[in-house]
Number of protein chains: 2
Amino acid sequence: MIESPVSTAPRTAATETRRTPAHAGMPVPRGVLHARLLLPPALTYCIDRLEPRLRDMCGYQLGVHDEHGHPTGSAHGKLIRPAFALLCAKACGGELVDAVPAAVAVELVHNASLVHDDIMDGDRERRHRPTVWARYGIPMAILAGDAMFALAFEALGTPERRPADHHLARTLRELMAGQSRDLRFERLGAPSIGECIDMIEGKTGALLGSACRLGALYGSAPTPVAEAFGRFGLDLGVAFQLLDDLLGIWGDPKATGKPVGSDLQARKKSAPVVAALTAGRAASRRLAELYQTSGPFETGQLVLAAELIDAAGGRAWAREEARRRIDAAWQHLAAVDIPGEARNDLEELTTFLIDREW
Amino acid sequence: MIESPVSTAPRTAATETRRTPAHAGMPVPRGVLHARLLLPPALTYCIDRLEPRLRDMCGYQLGVHDEHGHPTGSAHGKLIRPAFALLCAKACGGELVDAVPAAVAVELVHNASLVHDDIMDGDRERRHRPTVWARYGIPMAILAGDAMFALAFEALGTPERRPADHHLARTLRELMAGQSRDLRFERLGAPSIGECIDMIEGKTGALLGSACRLGALYGSAPTPVAEAFGRFGLDLGVAFQLLDDLLGIWGDPKATGKPVGSDLQARKKSAPVVAALTAGRAASRRLAELYQTSGPFETGQLVLAAELIDAAGGRAWAREEARRRIDAAWQHLAAVDIPGEARNDLEELTTFLIDREW
């Protein structure tokens with residue numbers, strides 16, 4: 001795994017003492033705990049509006065239902081996006097609960113995208129269970145994704161209560177653009193590093209940006225402050241994806257839950273790979289030749305590919321860019337007066353997002 | 001084809017003189033002409049925000065681009081839903097252009113559903129051209145549908161300008177429920193007639209209801225009036241679908257563009273068929289036996305199926321229910337004071353919707 005490549009910019013005493021050394025056994029951040037309490041009932045309330053079969057499918061995807069349709073009292077995943085939405089509301093002087101509609105909306109959009117992406121990518125398994133399409137068929141899975149997109153807008157509340165679903169629509173459009181680029185990269189040759197960053201901004205940055213922007217708006221932030229939170233989330237999201245790409249190559253399988261070098265095995269054109277391929281070095285050319293071979297890599301080839309990416313500077317570039325994005329994220333909030341406890345929670349959650357091996 | 005089964009409730013001198021006898025050669029209603037002028041530039045403006053490949057796909061679906069990506073200056077289809085949105089704004093004292101965001105939103109939702117439905121149903125052709133998935137592949141087609149859903153919400157404008165996208169989200173949910181029921185009916189035995197009507201309300205009624213409700217809202221109607229327009233559109237949509245189902249069995253192939261009895265050939269459980277199957281008559285049982293056979297029907301069997309549906313009362317039921325819905329539609333607007341010209345246009349468009357052979 002990568003050796004603590006980056007840290008959040010403004011480290012305070014509070015976050016220092018809460019952190020355990022070297023990632024392992026990191027306590028669950030308060031933002032995630034809040035999300036775990038607030039999201040399952042709110043998500044359940046939303047999907048209960050659906051036609052029964054769609055409700056069961058969406059409940060299965062979200063994890064608020066088990067595979068028999070029974071309530072679990074919890075939800076799948078780390079609920080990172082909802083946690084950011086809640087904390088950004090608090091950082092703007094609002095209450096956590098003010099941002100529940102925003103938190104629910106981003107979690108629904110995230111899961112709708114996952115359902116559709118799994119169809120597009122032909123992935124049959126997610127979180128050790130069959131994906132929605134693998135279980136219910138492609139037609140119903142398309143519909144379940146559509147239904148969650150619709151619920152996301154509905155979740156934002158009545159027009160009087162809703163400051164900014166226009167932003168959510170824009171976010172969706174950016175998500176689609178990111179996924180469109182990703183699908184194209186898989187078919188075509190290597191993209192430029194700029195195209196790769198565009199794709200990451202769409203696929204990962206836009207929704208985390210939306211979580212932070214909507215959270216701030218629901219916490220009654222004025223528009224310029226909400227926009228600053230949106231940029232904060234966008235940069236964090238890009239940093240997160242870059243670190244995720246590093247873990248996909250050098251991550252410990254015990255921690256990532258994926259086989260060693262799984263992204264390499266899939267010949268994935270992730271950002272470190274693209275940076276290496278386009279660096280114009282000798283290692284770049286050797287990596288390109290290796291990537292053009294077909295059939296599964298042997299262990300020696302996996303090790304060689306990782307070494308070539310490193311030698312061509314792809315690893316250093318991704319680390320540096322992630323670090324730069326994290327600094328930039330906090331810079332966006334430099335002029336915002338965030339209450340002490342809310343700032344601590346936000347820093348803790350950011351650290352959790354960045355320094356992770358889950 | 002069916003012999004003028006219904007007519008719109010309040011027939012005025014203006015609509016009488018504009019109608020040509022027995023459907024044929026009916027002039028294009030003014031509402032549709034308005035939509036043809038206003039929609040193509042507005043739709044083009046919307047899709048120009050998309051990533052280029054998605055823009056081309058959505059332009060192809062909407063018909064504002066040809067298959068080479070060149071602007072056509074027009075849009076596909078009759079633009080019935082946008083036409084209703086525009087006219088309902090005018091009926092509420094607003095200007096036609098006030099409702100362009102609403103008209104664009106419903107047309108985008110309609111086309112997004114078509115793109116996804118074509119994948120679900122495996123349909124490779126629409127409007128004599130390859131469907132989006134048949135041309136661009138399923139992954140990109142899923143994404144293009146998603147993008148149009150997102151654009152629909154974005155089209156409604158900034159929060160200040162947007163009275164009611166909550167309704168659009170609810171409409172989407174109802175659409176998904178209708179499609180979910182439809183997919184289930186195809187797999188399972190005959191639904192009850194109530195389930196069938198629920199499905200029609202979702203698949204066809206909800207979006208026409210939304211067109212009328214949003215159009216009224218963008219025409220500055222107070223909420224109760226907008227709700228009345230919504231119910232007007234819902235009932236008209238159901239009537240339209242019932243008549244469409246009758247045309248699917250008894251329609252003239254020259255007028256419908258489909259082969260004789262195409263719905264029967266597909267063993268479609270449309271409303272007249274379900275009404276016949278569940279009528280408990282001798283003809284109901286014979287129809288059920290005929291529907292359970294496999295393989296294509298011979299001409300004699302097609303004729304027999306249509307006769308059995310008629311004998312079991314399915315045809316009369318669908319006509320009667322359509323007539324009842326049209327009366328109910330206008331009843332919803334009985335208390336609304338609609339200016340004369342706007343009322344004439346709305347009646348003309350309604351007549352066009354109902355008395356058609358397109």
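This is a predicted model: local features need pLDDT of at least 70, side-chain atom pairs count only at pLDDT 80 or more; totals for chains, interfaces and linings use all residues.

How are the two copies related? Chain A can be superposed on chain B with an RMSD of 0.0 Å, through a turn of 180° and a shift of 0.0 Å along the axis. The two copies are therefore related as by a two-fold rotation axis. Both copies use the same surface, since 100% of the contact residues of chain A recur in chain B.

I turn now to the charged side chains. Over all chains, a search of the whole structure gives 38 salt bridges. One of them pairs A:E154 with A:R49, at 3.8 Å from N to O. This pair links distant parts of chain A, 105 residues apart: A:E154 lies in helix α7, and A:R49 in the loop between α2 and α3. A:E154 is buried, at 4% relative accessible area, whereas A:R49 is partly exposed at 30%.

A second example joins A:D118 and A:R126, with an N to O distance of 2.8 Å. Here A:D118 is buried at 3% relative accessibility, and A:R126 is partly exposed at 27%.

Finally, consider A:E201 and A:R325, whose closest N and O atoms are 3.1 Å apart. Through shared partners, salt bridges join A:E201, A:D235, A:E321, A:R324 and A:R325 into one network.

Methods: Residues are numbered from 1 along each chain as its sequence is written. Chains are lettered from A and ligands numbered from 1 in the order in which they are written. Side-chain values use heavy atoms; hydrogens and water are left out. Copies are superposed by least squares on the C-alpha atoms of residues with pLDDT of at least 70 in both. Contact means heavy atoms within 4.5 Å. A salt bridge is a side-chain nitrogen of Lys or Arg within 4 Å of a carboxyl oxygen of Asp or Glu. Helices (H or I, at least four residues) and strands (E, at least two) are DSSP runs, numbered from the N terminus. Buried means under 20% relative accessible area, exposed over 50%, partly exposed in between (1.4 Å probe, protein chains only).
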